[in-house]
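Trainee: Before we look at anything in detail, could you show me how to read the strands, helices and loops of a model from its computed features?

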Amino acid sequence: MKQEHQQDCPLCKTFSPFVYADYEKRKHFYCGGCGEFQISERAEKKLAEASIQWRQQYAEMAKKSNETSVLVIVVPSVPREPGVGYPSLEGKFIPRHQLPR
């Protein structure tokens with residue numbers, strides 16, 4: 001079993017437990033305030049600088065994680081189309097069996 005750590009939730013700032021995932025490139029939070037989610041290291045840094053509305057939006061999404069899928073927040077690495085900016089963050093629900101461990 002992975003070692004549990006604690007810090008302020010990057011979404012709601014509630015002191016929350018998490019475990020590292022994906023070779024410590026992600027954190028899997030079990031937040032009492034907004035629920036369960038995974039967040040990449042890069043996405044966590046971006047959210048720290050983002051407006052409170054972004055954090056609230058992802059906190060509301062995290063509340064919808066359930067026994068079959070979990071919210072994963074990442075900085076997407078997609079090819080950029082000409083004339084279109086890069087998306088800053090992406091949050092989507094991933095089936096539990098597909099989550100990086």
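Predicted model: local features only at pLDDT ≥ 70, side-chain atom pairs only at ≥ 80, totals over all residues.

Mentor: Residues are numbered from 1 along each chain as its sequence is written, and side-chain values use heavy atoms, with hydrogens and water left out.

Trainee: Why is β5 described as largely enclosed?

Mentor: In a regular strand the side chains alternate between the two faces of the sheet. Here six of the six residues of β5 are buried, so the strand is largely enclosed by the rest of the structure; strands, like helices, are DSSP runs numbered from the N terminus (E, at least two residues, for strands; H or I, at least four, for helices).

Trainee: Which strands pair with β5, and in which sense?

Mentor: Two strands pair if DSSP finds at least two bridges between them. β4 (35-40) pairs with β5 in the parallel sense over three bridges, with L71 as the bridge partner of F37, whereas β6 (residues 90-95) pairs with β5 in the antiparallel sense over six bridges, and there V74 stands opposite E90.

Trainee: What is S69 in contact with, leaving aside its neighbours within four places in sequence?

Mentor: Contact means heavy atoms within 4.5 Å. With those neighbours set aside, S69 touches F93, I94, P95 and R96, and S69 itself is buried, with a relative accessible area of 16%.

Trainee: How should I read helix α1, and which of its residues are buried?

Mentor: In α1 (residues 41-49), the buried residues are A43, E44 and L47. Seen down the helix axis, they fall within an arc of 100°, so they line one face of α1, the arc being that of the directions from the helix axis to the C-beta atoms. The face turned away from this buried side carries the exposed residues R42, K45, A48 and E49, while β5 and α2 (52-62) are among the elements that cover the buried residues.

Trainee: Where is K13, and what is its phi?

Mentor: K13 is found in the loop between β1 (5-8) and β2 (15-21), and its phi is near 70°, a positive value in a residue other than glycine.

Note on methods. Buried < 20%, exposed > 50% of the residue type's maximum accessible area, 1.4 Å probe, protein only.
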